[in-house]
Amino acid sequence: MSWNDPNASSEAQKYDNPIPSRELILSTINEHGEITHQQLAKAFNIADPDQFDALGNRLKAMTRDGQVNRDGRPYRYRTVTQHDIVTGTVTAHPKGFGFVLLSDMPDLFLHEKQMRWVFNGDTVEAVGTSTDNRGRTEGRIVDVVERRQNHFIGTLAHDEDGYCVELGSPNNHQPITVTEDNVQAFNAKQGSPVKVDIIDWPNQHEFATGKITEVLSDDNDRELIIETTLLNYDIPSEFSEAALNQANDYKEPIEKDLKGRVDLRELPLVTIDGEDARDFDDAVFAEKRSGGNYRVLVAIADVSYYVTPNSPLDQNAYERGTSVYFPHQVIPMLPEVLSNGLCSLNPNLDRLCMVADIKISRAGKITSYEFYPGVMHSQARLTYNQVNAYLENPKDSSVPKSLTENKEVKKSVDTLHQLYELLLKKREERHAMEFETVETYIKFNEKGGIEAILPRTRGDAQKLIEECMLLANTCAANFALKNELPVLYRNHDKPDGEKSMRIHEYAKNFGLSFPEENPTQADYQRIIEATKERPDAISIHSMLLRSMMQANYSPDNIGHFGLAYDEYSHFTSPIRRYPDLMLHRAIKAKVTNAKQPVMDFSLEDAGMQTSDTERRAEKASRYVESWLKCHYMKDHVGEEFDGVVTTVTNFGLFITLTDLYIDGLVHISNVGDDFFVYDEQQQQLIGKDRGTVFGLGDLVKVKVAGVNMDLLQIDFGLQAKLQSSKMNQTKKDHSNASQPNRSSTSKDQPKKSPAKRSGSRGGRGSSKKS
């Protein structure tokens, strides 16, 4: 041995033919800055082939452990420094691996061994180590910076090693051990749902240890899954005592509260919402003006009057960012005394509001607008169904008298509908997108089980309210930009090049052109219009929807691509969205000549916080909905249903059941008696032997083969192909022959739902979420 290694004796004890220790290798690499395996061997005078290979294996291990980085070909090694360390959030996959999510670079892949340190949502420092055969940068956790939660809900289990609490997705890779004394103290039974607090965090060799704090009743799975989800997604569900005290101190508005406000109590303002809505944050009124012009008032609850800057209520609202809507429960952004009470524009009560007073020409162009604080008195709480019934037949007996027998209300609703038809033409002119997708809601029975999953219909009532909200939001954005107000804009960027190219290739199926990059709204609308009458329109439009970027909040306006607006903000829902509340404060301060509020956070921080909390709420809502559907389908294993192909992948077909709107996977091994090849451009599985084609929009019959509650995955077995969509005809035989019956062999493939349908809250139309 010709090198001076301070660890030479320990190396010699471990190995018959020792090589330099890790410490010596690191110091040698530091001397050179970076070095190849060959150069390092030369530096150590290593000529023996076995020693050379052993050095290479040690370098691989040091790379895996995050001690060195390697780049290029041949690999050049350098030591990991503080500059290599990145900070991100862990997202866990039910199968045990995970990722460190990074905002400015590709995410780091975490093997199961790395995930032993962490739970979903933890903030960590990590380094990239190497690239795997799938092109992913593998990561090693250096330190856990912050734990997202230390309270969990799971199921008590027991084996030869003792008791532990097994957690649900996404933390099911990480059981928490508990003592027998702790279990006996609560008389907890194996299989019982329990709450557990962490005592010691996990490490590379040991699971976390915890303490059971409560045994939960499993009588109502629906309530339990909500509580579990709130913990797993770190969603606050309790208001601080100070916030509740502040909210409860407010009373019904009196004369002093009306000072400086425009009195609108005589105007026939009404609210139009879904049947199950409880918080009414917008009211509308429209009238005809001379020359065929229009005036429309959009009155929004003045939440800013009650939720004062940096107060306990404000701090709680900022932390939540948004209300969270589950199929059977709401976690509100504000205490109910405000969200359903003082801030809700309930009928026949005086309510404080912020008003967008907008003038529109008979050509549908906004000619002027103004904002001001007001006081209103809603003359009717109308529902979408009631207004739709009225618009279809004004003498329909189901329409309430608050509409039919109030001439001023009736006149305003008629005018709103005329204005909507005008604004609809303007929407078409600017090529705002209107996808043919299905939005559903779950109907529960008295026992809390799913009775039905039903599609929401969108009639003219929903659409006219959407157009009114869009008017107010665009005017508010324009006002904020003109006056350089400290607000957040609702941005929606155009699709990136990769997604544009995918649609470019896919559009060829319809004989349509689509640019390879920089598409416009008109490019999308051309495909939407050309395919909206097809039986597979929902599948096609879902794919188009998936190609879009995610909307977000930012202090810099870039416009809204999907809605085709150069400037856009959120003004109309301050009860349930924090950016709307911020915009209200800024506009009110400007129009009343008051100072702009100085907040405890920066605009950049607020943009990230509100975007993150929106994503968090969407993920939690999707998780609960998926859980409920999987729980429901457990009782239908072995039953057959008709469905439609909504997503095609290289590992199989995702099917949406026609009557239930529930999604499941037919694995590629169960598609049919053929060797299937995935055509990504055509979005098809093509059989090489028989020429059978499966693609978007195909109608099929499937059998429910299994339900995996940990993965929230439903496996289908393909029973028959009922009908091909026009572009998915069999290559050799254009008949719709049935395929052989097959049973699924549940391959634990990742669950993937069809594109997110346009969201809603309490029956609200989709663009209120835009």
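**Exercise 1.** State how many helices and strands the protein chain contains.

*Solution.* Helices are DSSP runs of H or I with at least four residues, and strands are runs of E with at least two, numbered from the N terminus. On this basis the protein chain holds 19 helices and 34 strands. The model is predicted: local features need pLDDT of at least 70, side-chain atom pairs count only at pLDDT 80 or more, and totals for chains, interfaces and linings use all residues. Residues are numbered from 1 along each chain as its sequence is written, and side-chain values use heavy atoms, without hydrogens and water.

**Exercise 2.** Determine whether the radius of gyration of the protein chain agrees with that of a compact globule.

*Solution.* The radius is taken over C-alpha atoms, and the globule rule is 2.2 Å times the number of residues to the power 0.38. For 770 residues the rule gives a value near 27 Å; the protein chain has 30 Å, which agrees. Next, the C-alpha trace spans about 100 × 70 × 60 Å along its principal axes.

**Exercise 3.** Find the share of residues that count as buried, and the share of contacts joining residues at least 24 apart.

*Solution.* Buried means under 20% relative accessible area, with a 1.4 Å probe and protein chains only; 53% of the 770 residues qualify. A contact means heavy atoms within 4.5 Å. Among contacts between residues at least 6 apart in sequence, 66% join residues at least 24 apart.

Technical notes. Buried means under 20% relative accessible area, exposed over 50%, partly exposed in between (1.4 Å probe, protein chains only).
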